[in-house]
Amino acid sequence: MAYVYGPVPSRRLGRSLGIDPLPFKTCNQNCVYCQLGRTRPLTSRRCCHTSATQVVEEVRLTLESGKAGPLDWLTFVGSGEPTLHGGLGTMIRAVRRFAPVPIAVITNGSLLCRPEVRKELNCADAVLTCLDAGTELLYRRIHRPHPELVFDQLLAGLLDFRRAFGGQLWIDVMLVKNVNDSDQAMEGIARVLARVMPDRIHVTVPTRPPAERWVEPASRERLLYARRLFGEIARSPGSCSHASEVPLPGDPAAWLSQVIVRHPLCADDLRSWFGAPYQGEFTAALLQLTARGQAQVVRRFGRDFWAGPAARYEGHSPS
Ligand code: SF4
């Protein structure tokens, strides 16, 4: 499978089958906490990076095979920023014709200032975006965006989208220690959230390997403060799943090789997703992928994560 991966248990979306229409790593931001490592080079070019027809066909075949098991969502996400794919709206509309579950898009929201992007995302049932800054300065510090991107335009686009969108708009706020977890930074974010009025706010901290080694999660006290500040709809996604919530893949190595390039994993993930009895089998498959150069091990937050071989993390050379 080139474009479809998972299902991966998601703290926000339950059993979510990922649809990744982008080559690794196609993004217009270089977020300090990005689990896919650094973006080199940044791109703001919106085009058909891959064949929309092939992506849709792969989704159809995967669903028809039944191998994905019961699902809660189909989610456009993956190796970068999905709105950089010029065929996103076409793909969402085509998948909707046979999708048994709602469709979500996870986006950084930077292109919502473009009317055609807002129109395409309107076809989704839920749009999940992020808002980690309330000012241009903080936006640049966290997301290190393409020079064409400007915070005020991003915000204007988000407000326009909110007004017209009939689906669910969920906003993630990722709190990074000593970057956006001060009272002042959070109050700035709260002011913007009050204008946007999303349906849900998820307050999170980095838990996957960040691009930059110095990135640390904000403290629990800061996280709770943010939730109080952002209001009743703010919550912290709980633990994402328990054993047996996703079907056991027939070929663990193949399954893992598709997942880790979009979603780095640690041993705890495998234990909670599939149960302790299978952990040995999955760990063996990961070691096999690492030996073949199809995975790399990145140590962050005192844990080892398996990531795709092309990801570039500060202070880490893929072996
Ligand atoms: S977190 Fe998302 S928006 Fe930020 S660099 Fe990574 S893929 Fe791009």
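This briefing covers the pockets, cavities, helix packing and backbone exceptions of one structure. The model is predicted. Its largest pocket holds about 1,300 Å³ of space, and the second largest pocket has about 380 Å³. Two cavities of 30 Å³ or more are counted. Two helix pairs are described, helix 8 with helix 10 and helix 6 with helix 7. The backbone has a cis peptide bond at Gly 6 to Pro 7 and another at Arg 40 to Pro 41.

**Largest pocket**

- The volume of the largest pocket is about 1,300 Å³. Its lining comprises 50 residues, and those closest to the pocket centre are Arg 12, Gln 35, Ile 106, Asp 172 and Met 174.
- Six elements are listed as giving at least two residues each to this lining: strand 1 (4-10), strand 2 (14-19), strand 5 (126-130), strand 6 (168-174), helix 9 (267-274) and strand 11 (303-307).
- Strand 1 contributes the most to the lining of the largest pocket, with four residues.
- In the lining of the largest pocket, 21 residues are nonpolar, 18 are polar and eleven are charged.

**Second largest pocket**

- The second largest pocket has a volume of about 380 Å³. It is lined by 19 residues, of which Met 1, Gly 6, Lys 67, Trp 255 and Gln 258 are the closest to its centre.
- At least two lining residues each come from strand 1, helix 1 (52-65) and helix 8 (252-260).
- Strand 1 provides the largest share of the lining of the second largest pocket, at four residues. Strand 1 likewise gives the most to the lining of the largest pocket.
- The lining of the second largest pocket contains twelve nonpolar, five polar and two charged residues.

- The largest cavity has a volume of about 60 Å³. Its lining is made up of Gln 29, Asn 108, Cys 130, Leu 131, Asp 132, Ala 133, Tyr 139, His 143, Phe 151 and Leu 154.
- Helix 4 (136-143) and helix 5 (151-164) are the elements that give two or more residues to the lining of the largest cavity.
- Six nonpolar residues, three polar residues and one charged residue form the lining of the largest cavity.
- The second largest cavity has a volume of about 30 Å³. Ser 110, Cys 113, Glu 148, Leu 149, Val 150, Gln 153 and Leu 154 line this second cavity.
- Four of the residues lining the second largest cavity are nonpolar, two are polar and one is charged.

**Helix 8 and helix 10**

- The axes of helix 8 and helix 10 (residues 276-291) come within 9 Å and cross at roughly 65°. Helix 8 is therefore roughly perpendicular to helix 10.
- The crossing of helix 8 with helix 10 is right-handed.
- On the helix 8 side, the contact involves Pro 252, Ala 253, Trp 255, Leu 256, Ser 257 and Ile 260. Helix 10 brings Glu 281, Phe 282, Ala 285, Leu 286, Gln 288 and Leu 289.
- This contact has nine nonpolar, two polar and one charged residues.
- Trp 255 takes part in the contact with helix 10 and is among the residues closest to the centre of the second largest pocket.

**Helix 6 and helix 7**

- Helix 6 (residues 183-196) and helix 7 (residues 220-230) pack at an angle of about 30°, and their axes are 10 Å apart.
- Helix 6 and helix 7 make a right-handed crossing.
- Asp 183, Met 186, Glu 187, Ile 189, Ala 190 and Leu 193 of helix 6 meet Arg 222, Tyr 225, Ala 226, Leu 229 and Phe 230 of helix 7.
- By class, the contact between helix 6 and helix 7 has eight nonpolar, no polar and three charged residues.

**Backbone exceptions**

- Most residues other than glycine have a negative phi, and most peptide bonds are trans.
- The bond from Gly 6 to Pro 7 is cis, with omega near 5°. Pro 7 is in strand 1.
- Arg 40 and Pro 41 are also joined by a cis peptide bond, with omega about -5°. Pro 41 sits in the loop between strand 2 and helix 1.
- Arg 144 is not a glycine, yet has a positive phi of about 40°. Its place is the loop between helix 4 and helix 5.

Conventions: Residues numbered from 1 in each chain as written. Predicted model: local features only at pLDDT ≥ 70, side-chain atom pairs only at ≥ 80, totals over all residues. Heavy atoms only, no water. 1 Å grid on protein atoms, 1.4 Å probe; cavity = no way out; pocket = protein on both sides within 12 Å on 5 of 7 lines; lining within 4 Å. Points joined across faces, edges and corners; volume = space filled by probe spheres on them. Nonpolar A, V, L, I, M, F, W, Y, C, P; charged D, E, K, R; others polar. Axes fitted to C-alpha atoms, helices over the stretch in contact; angles between N-to-C directions. Parallel < 35°, antiparallel > 145°, perpendicular 65-115°, else oblique. Left-handed = near helix turned anticlockwise from the far one by under 90°. Contact = heavy atoms within 4.5 Å.
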